[in-house]
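Work through the exercises below with the sequence and the coordinates side by side, and try each task before reading its solution.

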Amino acid sequence: MKFTEEHEWLRDEDGEMVVGITVHAAEQLGDVVFVELPEVGTVVSKDDEIVVIESVKAASDILAPVDGEITEVNEMLVDNPGKVNDDPQGEAWFFKMTVSDPSQLEELMDEAAYQKFIA
Amino acid sequence: MSDDLHTPLYDLHVELGAKMVPFAGYAMPVQYPMGVMGEHNHTRSAAGLFDVSHMGQVTLSGASWEAVAQAFETLVPQDVLGLGDGRQRYGFFTNDAGGIEDDLMFARRGDDLLVVVNAACKGADIARMRAALEPAVTVTELDDRALIAVQGPGAEAAVAGLDTRAARMRFMDVADLELDGVAVWASRSGYTGEDGYEISVAATEAEALVRRLLAQDGVAPIGLGARDSLRLEAGLCLYGHDIDTTTTPAEGGLMWAVQKVRRAGGDRAGGFPGAGTALVTPARKRVGLLPEGRAPMREGVAIYADETATDPVGHVTSGGFGPTVGGPVAMGYVSVDQASVGTALWGEVRGKRMPVQVAALPFVPANFKR
């Protein structure tokens, strides 16, 4: 898994990236009550705001971690946003995307670097 | 945060694992490890204990009850003179334009008036009272007392467990109690829509009392996060958001808190700042707003009459997720012709118009002990 400084994780699944937020981010957010997902087919650039997560107190964004195209979104989160708190690095992934510039992946942190980043 | 003031319960909050945030000049607990949603639900189903010591406690005393009450009526549109001994009322300071300078609770304790005001406004409130009332009335800030709220269906058992007299108090009664040997002033009130008490205690005894209350069945510490969602579901105004110096009591839907005797035609009508405008039928009104779907509509969201209208008919003043309602809830101002319950409107969230309906307040029925 790769990690961003925005507390997202990326997992390679047959060349596509599955993207979610880290356990650390989910704890900071508190109880998630609403998730607004992007549309499949949206072409995104790194750092575009593509997902809105609302917790009890505030709204926050998830940024596109790399350039690419959204290929699938996790509709389960629409009806069950609390899953983000229960299983942020498992079932509660947000979207899958293709990567148009693989070199951008090399700039991301590995698990050890991320743990150091949040320590 | 180092410049923020501490309440007498600061060390206990930290010990209990609270996340502390700056609020109105104080370091206050926004949530404990239970989390905002858990704390909200706990208060609705059992009992929540809140530190509200940042609020201002002030006593007004003078030659007689009549002298104090009549003096206070020059600052508020409430019936103060008619307040019975041991009773409390909700009120507000108005300004010359009829706007609300602060909202407050006032209680009669013998010949004295105990006034509780918001933390952010207390300096201005005390200056206002001193300028208008002294020297005939003595204004004393009680900065050596803490204030604790115990709220929820389990509040009576928890407080009456320490002094059985607490169970005999009715909504908005005030009384002197002795909670496990600690002398306190208690009122049967709060700001969550639940039955409960607000307890004023000497700062030096606050921590011991809170530990004793937390040891009672079902009592858990609750932070500002859940306090906000509870009061929003209860349809209660947050000063500086739902009401402020630019909103009148009539616009704020607070005419229920202006007794007949102080209204036009009443025996003691007028005589407070902005009396000519504060109570006049307004062009806009505070309403409950129930967004369709799951997206919360927060403070600042513009409200439109239809999906394509260019000019808003109002805006949200506080909104978020209501854990008891199980969905988004909001309050805001809309023009009076759009203010009837059931009116279909649109709120613009992140550039998208979403349907929202004018709804009756409160969103969650009050659970007061009448």
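**Exercise 1: Salt bridges**

Over all chains the count comes to 31 salt bridges, a salt bridge being a side-chain nitrogen of Lys or Arg within 4 Å of a carboxyl oxygen of Asp or Glu. This is a predicted model, in which local features need pLDDT of at least 70 and side-chain atom pairs count only at pLDDT 80 or more, while totals for chains, interfaces and linings use all residues. Side-chain values use heavy atoms, without hydrogens and water, residues are numbered from 1 along each chain as its sequence is written, and chains are lettered from A and ligands numbered from 1 in the order in which they are written.

Task: find which parts of chain A are tied together by the salt bridge of Glu13(A) and Lys96(A).

Solution: Begin with the atoms: the side chains of Glu13(A) and Lys96(A) meet with N and O 3.0 Å apart. Then place the residues, with strands (E, at least two residues) and helices (H or I, at least four) taken as DSSP runs numbered from the N terminus. Glu13(A) belongs to strand S2 (residues 8–13) of chain A and Lys96(A) to strand S9 (residues 95–99) of chain A, so the pair links parts that are 83 residues apart in sequence.

**Exercise 2: The interface**

Task: describe the contact between chain A and chain B, from its residues to its salt bridges.

Solution: First count the residues in contact (heavy atoms within 4.5 Å): chain A gives 14 and chain B gives 13. Next take the buried area, which is the accessible area (1.4 Å probe) lost by the two parts on being put together, summed over both; the value is about 1300 Å², with 51% from carbon and sulfur atoms. On the side of chain A, Val33(A), Val56(A) and Lys57(A) lose the most area to chain B, together 40% of what that side buries. Finally, 4 salt bridges are counted between the chains, and Arg350(B) forms a salt bridge with Glu54(A), where the closest N and O atoms are 3.0 Å apart.

**Exercise 3: A sheet in chain B**

Solution: For the pairing of S5(B) with strand S6 (residues 100–109) of chain B, 7 bridges are found, and Thr94(B) stands opposite Ile100(B).

How values were computed:
Two strands pair if DSSP finds at least two bridges between them.
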